[in-house]
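Here is a short note to read beside the model. Please keep the sequence and the 3D view open as you go.

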Amino acid sequence: MPTITRRQLCEELHVETARIDVWISAGWIRPVVAEGEGAPRFTAADAARAAFLLSLERDMALDAETMGTMLSLVDQIHGLRAELMRLGRAVEAQPEPVRRQILERYSGPGGR
Amino acid sequence: MARTETTDPYKLLGVARGASQEEIRKAYRRKVKENHPDLHPGDADAAERFKAISAANDILSDPEKRVRFDRGELDAEGHETGRSGFWRDHAEGADAGAYRSSAGFDDFADASEFFADMFGRRAGARGGSGMKMRGADMHYRVEVDFRTAARGGKVRLSNAEGAGFDLSVPEGCEEGQVIRLAGLGRPGAGGGPSGDALVEIAIRPDPLFRREGRDILIEVPVSIDEVVTGARIDVPTLDGTVKLTIPRGAGAKVLRLRGKGIRPGGDQLVRLRIAAPEAVDDELVEALEAWRKRARPDPRRNWGGA
């Protein structure tokens, strides 16, 4: 998977490396450090996350506490979405009668 | 994505990636003058170069396009690459496993056998790897009273999570001194160590004592007779009240109490401030007039203000 260096990420986002380092030390962005190499490398997903962090910090002017809380909630949402999707696909892979039963139970009283 | 010499819009305009919009405008104008075919009728390649420069300017002069190009969403020709710069489009992908959190539904496994099975089977796959990251340092500023700073003591603080901890203020602590408490900063990620707490000390002024270097200063009111005839008076120090001997004829001196300042080696300096008598009776006046005739005092004899 193609990755970029910290410097390249800074150039893409027009930020100082110090800002990226703060995000890394807060655990908000987690680049991969390959065995035997010193420097972290960022995937496209990491770069998109960094762009998101920058929006939160600069465009929405959030302080560090709030950002931590926001990110925690956003990460929980995506965790839930991923599981829900996965569960949905697992149900879709079932025979029609099973899917129908599940749907009935899901839509019935107490189910929703 | 390789950005070669001839297609990178930044290189084509000759600007740095962090260039301002104004710098880009200026650079474009310069490049147009250098490459416009109509200004260089004999240059066969000018038309092609000019086309590339125009395309580069199309992207970089438009702030929105520029941002999208930087994020890899547009290519050098301005076409969509299909790559997204938005977090939500990556958040459920394979590369984002380290970020997704199960904290929103961790308790489901307790409430439902099915969920317990479901999550149990994939326990190995989840719990995203990510790097071991040291937590960030926390910064505090704490006001400490003068006596606690001078002789040392404990102050109670609470951290970001509301947990309390004790700060040991070292003896002789100075204004602005920063004390580092290991491991009391923000928690680390992926099992990494916590950061540290950095506490800056501000010292509240004391109504009686002042500090100068390693000495403690105090001013004590005394009466005229005490500085003339001598006396033993009580004086407060950081370690409690002590008796101070005012020698006969001391006057408004500064007396030194050894070892009563900042340890080691500091003293307490006691400045005597003579308080005029509250009530002056005739006997006092007569006695002093007689003394003046005898002694002929001239305190302003060698004084510069005469």
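1. Ground rules. This is a predicted model, in which local features need pLDDT of at least 70, side-chain atom pairs count only at pLDDT 80 or more, and totals for chains, interfaces and linings use all residues. Residues are numbered from 1 along each chain as its sequence is written, chains are lettered from A and ligands numbered from 1 in the order in which they are written, and side-chain values use heavy atoms, with hydrogens and water left out.

2. Chain A. Chain A has five helices and two strands. Helices (H or I, at least four residues) and strands (E, at least two) are DSSP runs, numbered from the N terminus. Starting at the N terminus, the order in chain A is β-α-α-β-α-α-α. Of its 112 residues, 33% are buried. Buried means under 20% relative accessible area, exposed over 50%, and partly exposed in between (1.4 Å probe, protein chains only). The accessible surface of chain A is about 6,900 Å², with 56% on carbon and sulfur atoms. Accessible areas come from the Shrake-Rupley method with a 1.4 Å probe; for residues, only the protein chains shown count as cover.

3. Chain B. Chain B holds nine helices and eleven strands. Its length is 306 residues, and 33% of them are buried. Chain B exposes about 19,100 Å², and carbon and sulfur atoms supply 50% of that area. Take contacts in chain B between residues at least 6 apart in sequence: 46% join residues at least 24 apart. Contact here means heavy atoms within 4.5 Å.

4. The interface. How many residues of chain A are in contact with chain B? There are 32, and they meet 37 residues of chain B. The size of an interface is often given as the accessible area lost when the parts come together. Chains A and B bury about 3,000 Å² between them, 59% of it on carbon and sulfur atoms. That buried area is the accessible area (1.4 Å probe) that two parts lose on being put together, summed over both.

5. Polar contacts across the interface. Nine residue pairs are in polar contact between chain A and chain B, both residues at pLDDT 80 or more. A polar contact is a pair of N or O atoms within 3.5 Å; within protein, one must be able to donate a hydrogen and the other to accept it, and residues adjacent in sequence count only if both atoms are side-chain atoms.

6. The chain A side. Helices α1 (6-13), α2 (17-25), α3 (44-59) and α4 (64-92) of chain A each supply at least two residues of the side that touches chain B. The largest share, twelve residues, comes from α4(A). By type, this side of chain A divides into 15 nonpolar, seven polar and ten charged residues. Ala, Val, Leu, Ile, Met, Phe, Trp, Tyr, Cys and Pro count as nonpolar, Asp, Glu, Lys and Arg as charged, and the others, Gly among them, as polar.

7. D75(A). This residue lies in helix α4 of chain A. Is D75(A) buried or exposed? It is buried, at 7% relative accessibility. Leaving out residues up to four places away in sequence, D75(A) touches R49(A), W87(B), Y99(B), R100(B) and S101(B).

8. Salt bridges overall. The whole structure has 30 salt bridges over all chains. A salt bridge is a side-chain nitrogen of Lys or Arg within 4 Å of a carboxyl oxygen of Asp or Glu. Between chain A and chain B the count is one. E92(B) pairs with R81(A), the closest N and O atoms being 2.6 Å apart.

9. A pair within one helix. E96(A) and R99(A) form a salt bridge at 3.0 Å, N to O. Both lie in helix α5 (residues 96-107) of chain A, three residues apart, about one turn of the helix. E96(A) is partly exposed at 42%. R99(A) is partly exposed at 31%.

10. A pair across chain B. R151(B) forms a salt bridge with D239(B), with the closest N and O atoms 2.7 Å apart. R151(B) lies in helix α7 (residues 146-151) and D239(B) in the loop between β8 (231-237) and β9 (240-246) of chain B, so the pair ties together parts that are 88 residues apart in sequence. R151(B) is buried at 15%, whereas D239(B) is partly exposed at 37%. R151(B) and D239(B) also belong to a salt-bridge network with E171(B), K260(B) and R263(B).
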